[in-house]
Amino acid sequence: MPKALITGVTGQDGSYLTELLLSKGYEVHGITRSTEDLERSWVGRLFQDSTTYKKRLFFHPGDLSDPAGLRAMIDKSKPDEIYHLAAQSHVGRSFEDPEGTCEVTAMGTLRLLEIVRAMSKPAKFFHAASGEIFGDAQESPQTVDTPMAPVNPYGCAKAFATQMVQVYRRSFGIFASNGILYNHESPRRGENFVTKKICRAAAAIKLGKQNELLLGDTSAKRDWGHAKDYVRGMWLALQHEPPEDFIFATGELHSVQDVVEIAFASVELDWKNYVKQDPKLFRPTEAQCLVGDPSKAETVLGWKREFQFADIIREMTLAELEG
Ligand code: NAP
Ligand code: GDD
């Protein structure tokens, strides 16, 4: 039975990846900073499955700022594959806490790479990189060869981590791949990301629980896909030899305004009556034209996305309506 270790197992991607790997017959070890609230997280529902939980699904407390604890846990569980998804993943918050973001997202990745380098049989290593490394992109769509030009602390942290993965691959022969992921969403998306905020508000307004929705820049555009498609890409990336970097994206740009219109139409409301822009929610700088070219992943890995933008937003809104 192959063994996988997932950092950030309680996050949106961690929960879908856990389910995917279990369905493929893996033993899965998940790391979270606190095991106390696990039952209420998306992976908590797996506790009910007595054939899996504590038989081939295990959770361990661990923090990226504690390399000794991580090292002991990895030495004990001896994974064949590590999926490194843990991060301070919010761009807006990274402007408020640049040091904390770099500590977790940049240095946390380097610490894990050092642990892998010291393993007697180094695990294969997947890093959840981000399209934000391209920030003020010189070309669109971006490929793995597009120069990095991050425009916020989160993008800088991810650029550092992405380059460290490349250095460890080239210099130390570690099997390490970057999946350069563009925005991906689902009903499990964290509540401070814009799609979730909009879909949740549309449903709450429909149910009479909220009166208005304040947003930042609604003209901002992103390349939005579905998390289920992207975690499949993570697994495919680690099955491909030799290790390489891949872009996982849709190649399509949509605006925040498009999300608003689809979400409110899904619950038969006119968005004009409820949505306002609030200058306080604008970011100091906004990445422009972040759209990825997924053709390398499609050709080399056989990756193909199954979900379309409008369907994702409708699924998220209806999920909020159902509670
Ligand atoms: P997410 O929902 O924010 O989950 C990230 C997880 O990281 C959290 O559940 C948290 O788990 C863990 N974490 C945070 N700080 C930690 C620390 N100091 N030590 C250990 N764990 C820590 O993120 P996601 O959307 O699933 O994304 C997964 C990864 O892909 C992230 O690295 C993100 O930057 C990257 N990415 C995401 C997207 C996207 O659109 N979703 C696009 C590009 C890249 P606990 O609170 O349980 O510890
Ligand atoms: N969060 C948020 N809240 N974003 C808003 C709002 C708002 O009220 N109003 C407008 N936006 C705009 C943001 O300025 C941004 O242009 C866009 O909506 C998307 O914001 P987020 O959903 O917060 O995601 P992100 O693009 O900044 O970052 C996500 O994608 C990256 C990959 O491109 C995160 O998942 C990152 O972890 C990931 O790396």
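An oxygen atom of ligand 1 sits 2.8 Å from an N or O atom in the side chain of Arg33. Such a pair is a polar contact (N or O atoms within 3.5 Å; within protein, one must be able to donate a hydrogen and the other to accept it, and residues adjacent in sequence count only if both atoms are side-chain atoms). The model is predicted: local features need pLDDT of at least 70, side-chain atom pairs count only at pLDDT 80 or more, and totals for chains, interfaces and linings use all residues. Residues are numbered from 1 along each chain as its sequence is written, chains are lettered from A and ligands numbered from 1 in the order in which they are written, and side-chain values use heavy atoms, with hydrogens and water left out.

Two further polar contacts involve the backbone. A polar backbone atom of Asp13 is 2.9 Å from an oxygen atom of ligand 1. For Leu64, a backbone N or O atom lies 3.0 Å from a nitrogen atom of ligand 1. Taken alone, ligand 1 exposes 880 Å², and the protein buries 88% of that (Shrake-Rupley method, 1.4 Å probe; for residues, only the protein chains shown count as cover). Around ligand 1 there are 25 residues, counted when one of their heavy atoms lies within 4 Å. Thr10, Thr32, Leu85, Ser89 and Tyr154 come nearest. By class, this shell has 10 nonpolar, 10 polar and 5 charged residues. Here Ala, Val, Leu, Ile, Met, Phe, Trp, Tyr, Cys and Pro count as nonpolar, Asp, Glu, Lys and Arg as charged, and the others, Gly among them, as polar. S5 gives the most to the shell, with 3 residues.

Ligand 2 is surrounded by 20 residues. The closest are Ser89, Tyr154, Asn183, Arg283 and Glu286. A polar side-chain atom of Asn183 is 2.6 Å from an oxygen atom of ligand 2. For Arg222, a polar side-chain atom is 2.9 Å from an oxygen atom of ligand 2. Val194 uses a backbone N or O atom, 2.8 Å from an oxygen atom of the ligand. On its own, ligand 2 has 710 Å² of accessible area, and the protein covers 94% of it. The shell around ligand 2 holds 8 nonpolar, 6 polar and 6 charged residues.

The largest nonpolar core has 35 residues. A nonpolar core is a set of buried Ala, Val, Leu, Ile, Met, Phe, Trp, Tyr and Cys residues joined through side-chain atoms within 4.5 Å. Leu17, Leu21, Tyr83 and Phe248 touch the most other members. H7 (227-239) is among the elements that supply at least two residues. Its share, 8 residues, is the largest. Beyond its neighbours within four places in sequence, Leu17 is in contact (heavy atoms within 4.5 Å) with Ile6, Tyr83, Leu85, Val231 and Met234. Another core, of 22 residues, lies apart and includes Cys199, Leu213, Val267 and Ile313.

Thr317 lies in helix H10 (residues 309-322). Helices (H or I, at least four residues) and strands (E, at least two) are DSSP runs, numbered from the N terminus. Thr317 counts as buried because its relative accessibility is 0%. Buried means under 20% relative accessible area, exposed over 50%, partly exposed in between (1.4 Å probe, protein chains only). Leaving out residues up to four places away in sequence, Thr317 touches Cys199, Ala202, Ala203, Ala263, Ser266 and Val267. Ala263 and Ser266 are among the buried residues of H8. In helix H8 (residues 256-266), 8 of the 11 residues are buried. Their cover includes H10 and helix H6 (194-206).
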